[in-house]
Amino acid sequence: MALLLVACQPGAVPTSTPSQGPSASELASVPLLTAHYEAGPPPGPVKPFRGEMIQDIQVYQGWVSMRFVLRNTGEEPITFLNTLYDYEPLQLYEPLVRLEWADGTAAASTRRGRFFPTPALLQPGQEAVYLLGGQKLLDLGSGALGDLVSHIKYCPTRGMEDTPGIPLEVSDLAWETSDGTTTVRGTLHQPSQDRRFGSPVIGVEFLGADGEFLGAVVGDKVGAALDAGESRDFEISGQGVRTDDVAEVRAVAWVR
C-alpha cells in the first residue's frame, strides 16, 4: 500500500507517463474489482490537527471510480489539500491520485474530482468526501489492483477557506442507465444570499444496501451561475456505475 496522508509539509512531485490504454473491446471484458484502503495519522506525538482517510476504489467495465472519506480526528479545524498546492501557480485544490495494478503498471492517474462538501474546512469530528467519477483505465495490467498513491495532506485551516464555496441544495434526484452511461437529473437551489459567478459543481454517489460504494457521477461547471434564491434543473452523466444493486443515491453541490 502506498497511501500518502501527511501533516502540512512539502510533498515530493510525482511523475507518471500514461499509456495509450486498452481498446474498447478489452475494456468491456474487465471484471469487477474493488479495493479498500485506510490511512491514519502518521506515527509520532499527537498534535492538535490530525486527519485520516478511508478510500474505496472500484473498477467496473473498464472505468475507475473513487470515494475518499476525509476525517478530522484532531482537536482543531483542519483543511485537506493536495501536496503540491504551495508550489502550483494556480494553487489547485484537486489531489493527484495514481492507482496501480499489482504488477506496478498504472491503472489510473488523475486530478479529476472535487472535495465535498466545500469548503474543505473540517471541525473536529467532521468529515468530507472526495468523489472521482468514472475514468477509463490506462492499462489492463495484471488484473489485480495494487497500490493507491494519494497526494493529499491535512493542514491547519488556510488556503481553501479564503473564498469558501457556497453549498447548494439538491432535490428531486432521478437517474437512469443506458449503454453503460448513467444520467442523473435533479434540481439545484441556491439558499445563500451571497452571489457568486462560478458554475455549480455536482457530485452524486451510488451506494449498495450495505453501504458499498458502487460508483459516482461528477459534473464540473454545470450550467450558468445561480442567483441568490434561484432554483433550476440539472443533468450530468458518467460511466462506471454499478446500477444492479443501488440502495441509496446521495448528491452534493456547491459553487465557488
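Confidence first. Mean pLDDT for the protein chain comes to 82, and 83% of its residues reach 70 or more. Where pLDDT is low, the predicted coordinates should not be read in detail.

Next comes the sheet. Six strands make up an open sheet, and reading across it gives the order β15-β14-β17-β12-β13-β16, with antiparallel pairing. The edges belong to β15 (213–219) and β16 (231–239); each has a single partner strand, so one side of each is left without a neighbour in the sheet. From one strand to the next, the twist averages 25°. As a rule, strands of a sheet pair through backbone hydrogen bonds, either parallel or antiparallel. One pairing can be followed in some detail here. Strand β13 (residues 181–189) runs antiparallel to β16, and 9 bridges join the two. Within that pairing, H189 stands opposite S231 in β16.

D179 lies in the loop between β12 (166–178) and β13, and K221 lies in the loop between β15 and β16. Phi of D179 is near 55°, a positive value in a residue that is not glycine. K221 is not glycine either, and its phi is also positive, near 55°. As for accessibility, D179 is exposed, with a relative accessible area of 81%. K221 is exposed as well, at 65%.

Setting aside residues up to four places away in sequence, L122 touches L70, R71, N72, E76, P77, I78, F80, E127 and A128. The C-alpha atoms of L122 and T73 are 9.7 Å apart in space, although the two residues are 49 apart in sequence.

T73 turns up again around R50, where it is one of the contacts. R50 sits in the loop between β2 (33–39) and β3 (51–60). Beyond its neighbours within four places in sequence, R50 is in contact with P41, P42, P45, R71, N72, T73, G74, I78 and Y154. E52 itself is linked with R71 and E127 in a network of salt bridges. R71, in turn, is among the contacts of R50 and of L122, and E127 is also touched by L122.

That leads to the charged pairs in general. Side chains of opposite charge can pair when their charged atoms come close. The model has 8 salt bridges. One of them joins the side chains of R67 and E205, at 2.3 Å from N to O. This pair links distant parts of the chain, with R67 in strand β4 (residues 63–72) and E205 in strand β14 (residues 201–207), 138 residues apart. Both R67 and E205 are buried.

Another salt bridge, between R242 and E212, has an N to O distance of 2.9 Å. Here too, distant parts of the chain are linked: R242 is in the loop between β16 and β17 (248–255), E212 is in the loop between β14 and β15, and the two are 30 residues apart. R242 is buried, with a relative accessible area of 10%, whereas E212 is partly exposed at 27%. E176 and R185 also meet in a salt bridge, at 3.4 Å from N to O. In this pair E176 is partly exposed, with a relative accessible area of 45%, and R185 is partly exposed too, at 34%.

Technical notes: Residues are numbered from 1 along each chain as its sequence is written. This is a predicted model: local features need pLDDT of at least 70, side-chain atom pairs count only at pLDDT 80 or more; totals for chains, interfaces and linings use all residues. Side-chain values use heavy atoms; hydrogens and water are left out. Two strands pair if DSSP finds at least two bridges between them. Helices (H or I, at least four residues) and strands (E, at least two) are DSSP runs, numbered from the N terminus. Axes are lines fitted to C-alpha atoms, for helices over the stretch in contact, and angles run from 0 to 180 degrees between N-to-C directions. pLDDT is the predictor's confidence in each residue, from 0 to 100. Contact means heavy atoms within 4.5 Å. Buried means under 20% relative accessible area, exposed over 50%, partly exposed in between (1.4 Å probe, protein chains only). A salt bridge is a side-chain nitrogen of Lys or Arg within 4 Å of a carboxyl oxygen of Asp or Glu.
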